[in-house]
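Please find below a colleague's note on the structure.

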Amino acid sequence: MAIAFFSLALFLFLSLDSDFPYSPASSVSAASSEGVEVEITYGSVLKLMHEKTKVRLHSHEVPYGSGSGQQSVTGFPSVDDSNSYWVVKPQLDSSAKQGDTIKSGTLIRLQHMKTKKWLHSHLHASPISGNLEVSCFGGETQSDTGDHWKLTIEGSGKTWKQDQKIRLQHVDTGGYLHSHDKKYTRIAGGQQEVCGVREKRAENIWLAAEGVYLPVTGSK
């Protein structure tokens, strides 16, 4: 099992077309370390788990049938799905480097690994609950402030670590990344709605779960 997961780690990084160049000299860490604190760094590939319902933040090349018509974002019930991997990137015009740790209060972007689009939000209504729509939009050379999310660590932690409770607040709209037990029946049958809400709620807590984490190379 460990060999298989490490092989996946190497595949993800060798095949990833990233703003950060891959360095063969750098080791990668498959996140399966119990009892060991793993820091999240820029360039890491991870799955975000919704604390309340345990789904993973997910996207796929299926557009919304309403609202923006952009690529849909959902909560996926199974752990084993490659469409739930996201690459952690800094905000636009940042001097942050691959391997730098990420402090609470930092603005980040999340790039969907398979489609290269950015986790995005705006004032369109979400399909089920009528909250703020969360979509995937843009690409490697197309990104704007609609892709910026403020990372806030719950509790006393100062830098982002695996299995640590966080909130992601969309900068342009003020909406927190949110999910609930309401499920789609058509565009993504059985998958949960992911949306933005402007109030802090228990349903907008997420954790970095499975993933491939680059080692720390920047100063903390």
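The numbered points that follow take up confidence and then individual loop residues.

1. The structure is a predicted model. The mean pLDDT of the protein chain is 87, and 83% of the residues reach 70 or more.

2. Over residues 1–28, pLDDT stays under 50. For these residues, the model has 45 contacts beyond four places in sequence.

3. D93 is located in the loop that joins β5 (86–90) and β6 (107–112). The residue is not glycine, yet the phi of D93 is positive, near 60°. D93 has a relative accessibility of 83% and therefore counts as exposed, since exposed means over 50%.

4. D163 sits in the loop between β9 (149–153) and β10 (166–170).

5. S126 belongs to the loop between β7 (118–125) and β8 (132–137). Is S126 buried or exposed? The relative accessible area of S126 is 4%, so S126 is buried, the cut-off for buried being under 20%.

6. Which residues does S126 touch, not counting those up to four places away in sequence? The partners of S126 are N131, L132, E133, E193 and C195. Of these, L132 and E133 fall within β8 (132–137).

Technical notes. Residues numbered from 1 in each chain as written. Predicted model: local features only at pLDDT ≥ 70, side-chain atom pairs only at ≥ 80, totals over all residues. Heavy atoms only, no water. pLDDT = per-residue confidence, 0-100. Contact = heavy atoms within 4.5 Å. Helix = DSSP H or I, 4+ residues; strand = E, 2+ residues; numbered from the N terminus. Buried < 20%, exposed > 50% of the residue type's maximum accessible area, 1.4 Å probe, protein only.
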